[in-house]
Amino acid sequence: MPPKTLTLHEAAESLGVHYMTVYRYVRLGMLPATKTKGAWAVSAADLERFSATPKPKRGRAPWKDRFRSRLLAGDEAGAWGVIEAALASGLAPRDVYLKVISGAMRDIGEAWHRDEIGIAAEHRATAITQRLVGRLSQTMARRGPCRGSVVLAGPEGERHDLPLAIISDLLRSEGYDVTNLGCDLPPESIAEVVDENPGAVLGLSVSGPQGRKKLRVAVTTVRKGRPEVRIMVGGIAADAQLAKSVAADVYVEDVDAALEYLASA
Ligand code: B12
């Protein structure tokens, strides 16, 4: 027997609140819901769980969970609503990138790894997140003197470009001039752009096994005839040992480590 579902009007009646209140719970990702034939439906089990859970106090809302829930429902407007609500509540844009967006994507990766969600749900969530990061990035430019230049790229075979987009926005917001090439770059193309940006630090990002494999050729190609170029390596599939073994200058675990290195480079 299929699980019992309720319309938002029925859910509102059951919770004893206004329809708009339930609608807001759904759009903020607090109450799981799916859209069927253009209308939201809530499962009886989710509604029961929701009514039994104490509601988060203002300022302590689990933004990451709400955002993840909207991503998994394929609800782009709702996911953007969560970002707007988080910003309006005073969460810093940097935390929206690192805690809400990155945190939700990592959770989704784990869920996919455990076979709890399919590849389509993961791809849909990634596509929505890419568009929302594009939207959010317009609020991240900083006026004032340029603190230096950075070229970001993923080696050939690397297909994770979201980390690059996020790091790019965070470095821009700290006053760096960033050229983000995205992922899957032939080594010669990375070298070409390094030549066009004299003095820039190169940041390479590796998240998967393929990018990891091609990191060495990326570093070697850039270094050939350009021994002075400083190269930092980051990403979930990288570590200090890997960075050292390919003769990069430094492994940077996160944006703070990158900022520290850039300030000293
Ligand atoms: C979305 C996703 C994909 C998408 C990518 C789409 C896209 N356009 O980006 C697709 C579907 C293509 C994909 C494919 C694969 N993926 Co994938 N993917 C993910 C997922 C769910 C999210 C990645 C993400 O955006 N995370 C959010 C970012 C912002 O967080 P982050 O990566 O930790 O980045 C932070 C830091 O690492 C750091 N950082 C990162 N890079 C850099 C660089 C610099 C210079 C600096 C300063 C900092 C820095 O700053 C970031 C912000 O804090 C992760 C799960 C996860 N745990 O992340 C798996 C994950 C990365 N994927 C994984 C795997 C195995 C694969 C595949 C091999 C699957 C397969 N069998 O085909 C392929 C490989 C494709 C390839 N050739 O690269 C594994 C990697 C395991 C490993 N360490 O090797 C993960 C961890 C999933 C898992 N739990 O198993 N994937």
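This briefing covers the fold, the domains, the sheet, the ligand shell and a few single residues of the structure above.

The model is predicted: local features need pLDDT of at least 70, side-chain atom pairs count only at pLDDT 80 or more, and totals for chains, interfaces and linings use all residues. Residue numbers start from 1 along each chain as its sequence is written. The protein has 13 helices and eight strands. Helices (H or I, at least four residues) and strands (E, at least two) are DSSP runs, numbered from the N terminus.

**Overall build**

- The C-alpha atoms fill a box of roughly 70 × 45 × 30 Å, taken along the principal axes.
- Of the 265 residues, 37% count as buried. A residue is buried if 20 or more other C-beta atoms lie within 10 Å of its own, exposed if 12 or fewer, and partly exposed in between, with C-beta atoms placed from the backbone.
- Among contacts between residues at least 6 apart in sequence, 69% join residues at least 24 apart. Two residues are in contact if their C-beta atoms, placed from the backbone, lie within 7 Å.

**Domains**

- The protein is divided into domain 1 (1-55), domain 2 (56-139) and domain 3 (148-264). These bounds come from an automatic or database domain assignment.
- The centres of domain 1 and domain 2 are 20 Å apart, taken over C-alpha atoms.
- Eight residues from domain 1 and 11 residues from domain 2 make the contact.
- The side of domain 1 that touches domain 2 has four nonpolar, two polar and two charged residues. Ala, Val, Leu, Ile, Met, Phe, Trp, Tyr, Cys and Pro count as nonpolar, Asp, Glu, Lys and Arg as charged, and the others, Gly among them, as polar.

**Helix α2**

- Helix α2 spans residues 19-27, and Val22, Tyr25, Val26 and Arg27 in this helix are buried.
- The cover over the buried residues of α2 includes α1 (8-15), β3 (39-43) and α5 (76-88).
- Gly29 follows α2 and has a positive phi, near 75°.

**The five-stranded sheet**

- Five strands form an open sheet in the order β5-β4-β6-β7-β8, with parallel pairing. Two strands pair if DSSP finds at least two bridges between them.
- β5 and β8 (250-251) stand at the edges with a single partner strand each, so one side of each has no neighbour in the sheet.
- Strand β4 (residues 148-153) runs parallel to β5, and five bridges join the two. Gly148 stands opposite Tyr176 in β5.
- The chain passes from β4 through helix α8 (residues 162-173) to β5 in a right-handed β-α-β crossover. Right-handed here means that, with the strands pointing away from the viewer, the path from the first strand over the helix to the second runs clockwise.
- β4 also runs parallel to β6, with four bridges between them. Leu152 stands opposite Gly203 in β6.
- In a regular strand, side chains alternate between the two faces of the sheet. In β5 (residues 176-180), Tyr176, Val178 and Asn180 form the covered face, while Asp177 and Thr179 form the uncovered one.

**Shell around the ligand**

- The ligand is surrounded by 36 residues, and the closest are Gly109, Leu162, Gly203, Gly208 and Gly234. A residue is near a molecule if its C-beta atom, placed from the backbone, lies within 6 Å of it.
- The shell divides into 14 nonpolar, 15 polar and seven charged residues.
- Domain 2 and domain 3 each give at least three residues to the shell.
- α6 supplies the largest share, eight residues.
- Elements that each supply at least two residues include α6 (93-113), α7 (119-137), β6 (201-205), α10 (209-213), β7 (231-234) and α13 (255-264).

- Lys37 has a positive phi near 50° and is not a glycine. Lys37 lies in the loop between β2 (34-36) and β3. Lys37 counts as exposed because 5 C-beta neighbours lie inside 10 Å.
- Asp184 also has a positive phi, about 60°, without being a glycine. Asp184 sits in the loop between β5 and α9 (187-196). Asp184 counts as partly exposed, because it has 18 C-beta neighbours inside 10 Å.
- Thr220 is in helix α11 (residues 215-223). With 12 other C-beta atoms within 10 Å, Thr220 is exposed.
- Thr220 and Ala248 are 28 residues apart in sequence and 9.1 Å apart in space, C-alpha to C-alpha.
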